[in-house]
Amino acid sequence: MESKLPKGWVLKNVSAIIESLNSGFACNKNNEVEDGYVHLRTHNIDIFGKLNFDLFVKINPDKVDGSKAELKEGDILFNNTNSKELVGKTAIVDKDYSFAYSNHLTLIKTTKSILPRYFVYFFVFLHKTGYFENICNKWIGQAGINNSMLKDIPISYPESLTEQQCIVAKIDRIFERLDKSIALVEENIDRAKALKVSILSKSFHEGEELPEGWKENKVDNLTSSIGSGFACNKNNEIENGYVHLRTHNIDISGNLNFDLLIKINPDKVDGSKSKLKKGDILFNNTNSKELVGKTAIVDSDYNFGYSNHLTLIKTKTSILPEYFVYYFVYLHKIGYFENICNKWIGQAGINNSMLGAIKVTFPEKIEIQQCLVTQLDQLFSRIDRIIAEQENKLQQLKAMKASVLDKAFRGEM
């Protein structure tokens with residue numbers, strides 16, 4: 001491997017180029033307070049080498065480990081424990097902060113032989129290539145890289161600090177341009193999604209006096225049946241079994257999503273909850289508070305079972321199921337379900353009684369409902385194409401960042 005390095009470069013393990021490695025300290029939810037001491041967590045490290053301060057967790061100052069409560073410019077934070085896809089995220093500390101950090105983060109101080117920003121960019125490159133995912137210890141839903149493993153990671157770099165600085169400066173410049181483009185694309189996506197909400201709001205005359213021929217009624221009065229599915233634990237999942245729809249099979253736009261199908265032992269299927277008919281509605285009754293209330297139309301007949309976290313709704317002839325779903329999609333987008341749901345630790349729910357009491361506004365004439373559904377289908381189809389194009393562009397821009405790092409660490413920059 002040494003012979004393949006560019007001239008003037010060396011390959012050394014992390015242990016040879018660091019002064020210290022120190023993990024932070026744990027602090028449980030009971031010690032979180034509104035006006036406390038900032039305690040950085042895994043979400044405070046992004047995947048491109050920066051700290052992310054969108055969400056701060058603050059803790060009781062009495063619970064702070066004073067030896068792990070300061071960050072200096074040039075320090076490095078490494079995410080030592082996370083899901084296997086995210087473990088290994090690494091960020092540069094861009095200035096001094098009086099912040100503590102979690103035991104799931106490791107503070108790294110480098111020797112003078114390597115620039116901290118070069119080190120971070122190299123680790124971002126390793127993360128992008130899946131290196132950390134390959135070497136990490138894996139447990140159920142979690143992965144980790146301990147200090148011993150971290151010290152053994154090889155890193156290639158030019159011995160000249162001037163050359164390191166040149167590489168870092170080039171990456172900085174290119175990333176700055178790409179980040180501006182990424183921000184513009186993300187803004188376009190946000191605007192397109194906001195347009196959907198605006199269209200739905202106007203379609204349902206939100207905040208206005210209802211036009212003649214419109215009415216408001218409870219879900220209980222608009223449906224012929226409301227019933228949850230059945231539970232089936234992981235021990236009964238098999239490769240070629242009976243499809244059992246779960247919460248992830250409902251997207252936030254009113255459709256079923258079959259990207260991942262869970263299949264279970266046919267002997268464990270509740271026969272009364274194992275068929276879906278075109279025009280049925282599936283409502284996500286239990287999830288995180290942000291996702292509870294997702295609702296989807298069943299677009300065809302399916303021999304599928306469905307989880308107890310999903311509720312099957314059948315509407316009466318007074319309201320089109322497609323219209324009903326659009327209305328519920330709107331309620332989800334404006335945060336209605338998040339506001340009314342029962343909340344527990346990490347989870348939220350809407351029971352059948354709460355569901356039945358929700359009010360829906362709609363035109364009494366089915367023909368007008370159908371007209372609105374057709375218009376929304378056409379408009380949303382165009383907006384979804386725009387969003388898909390922008391999301392594809394976003395992925396291309398992010399892939400360009402990975403390509404830049406690849407070139408940089410092959411000595412081609």
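## Terms and model

A crossing is left-handed if the near helix is turned anticlockwise from the far one by less than a right angle, and right-handed if clockwise. Helices (H or I, at least four residues) and strands (E, at least two) are DSSP runs, numbered from the N terminus.

This is a predicted model: local features need pLDDT of at least 70, side-chain atom pairs count only at pLDDT 80 or more, and totals for chains, interfaces and linings use all residues. Residues are numbered from 1 along each chain as its sequence is written, and side-chain values use heavy atoms, with hydrogens and water left out.

## Helix α1 against α9

Helix α1 spans residues 116–128, and helix α9 spans 366–408. Their axes come within 10 Å and cross at roughly 120°. Axes here are lines fitted to C-alpha atoms, for helices over the stretch in contact, with angles from 0 to 180 degrees between N-to-C directions. That angle makes α1 oblique to α9. Angles under 35 degrees count as roughly parallel, over 145 as roughly antiparallel, 65 to 115 as roughly perpendicular and the rest as oblique.

The crossing of α1 past α9 is left-handed. Contact (heavy atoms within 4.5 Å) is made by Tyr121, Val124, Phe125 and Lys128 of α1 with Ala402, Leu405 and Asp406 of α9. These residues divide into five nonpolar, no polar and two charged. Ala, Val, Leu, Ile, Met, Phe, Trp, Tyr, Cys and Pro count as nonpolar, Asp, Glu, Lys and Arg as charged, and the others, Gly among them, as polar.

## Helix α1 against α4

Helix α4 covers residues 161–203. The axes of α1 and α4 come within 9 Å and cross at roughly 60°. The two helices are therefore oblique to each other. Their crossing is left-handed.

From α1, the contact uses Arg117, Tyr118 and Tyr121. From α4, it uses Gln164, Ile167, Val168, Ile171, Asp172 and Phe175. The contact residues of α1 with α4 comprise six nonpolar, one polar and two charged.

## Strands

Three strands form an open, mixed sheet in the order β4-β3-β8. Two strands pair if DSSP finds at least two bridges between them. The edge strands, β4 (58–59) and β8 (100–101), each pair on one side only. Strand β3 (residues 32–40) runs parallel to β8 over two bridges. Histidine 39 has alanine 100 of β8 as its bridge partner.

Strand β1 (residues 9–13) pairs with β12 in the antiparallel sense over five bridges. Asparagine 13 stands opposite proline 154 in β12. Strand β12 (residues 154–158) is mostly covered, with four of its five residues buried. Buried means under 20% relative accessible area, exposed over 50%, partly exposed in between (1.4 Å probe, protein chains only).
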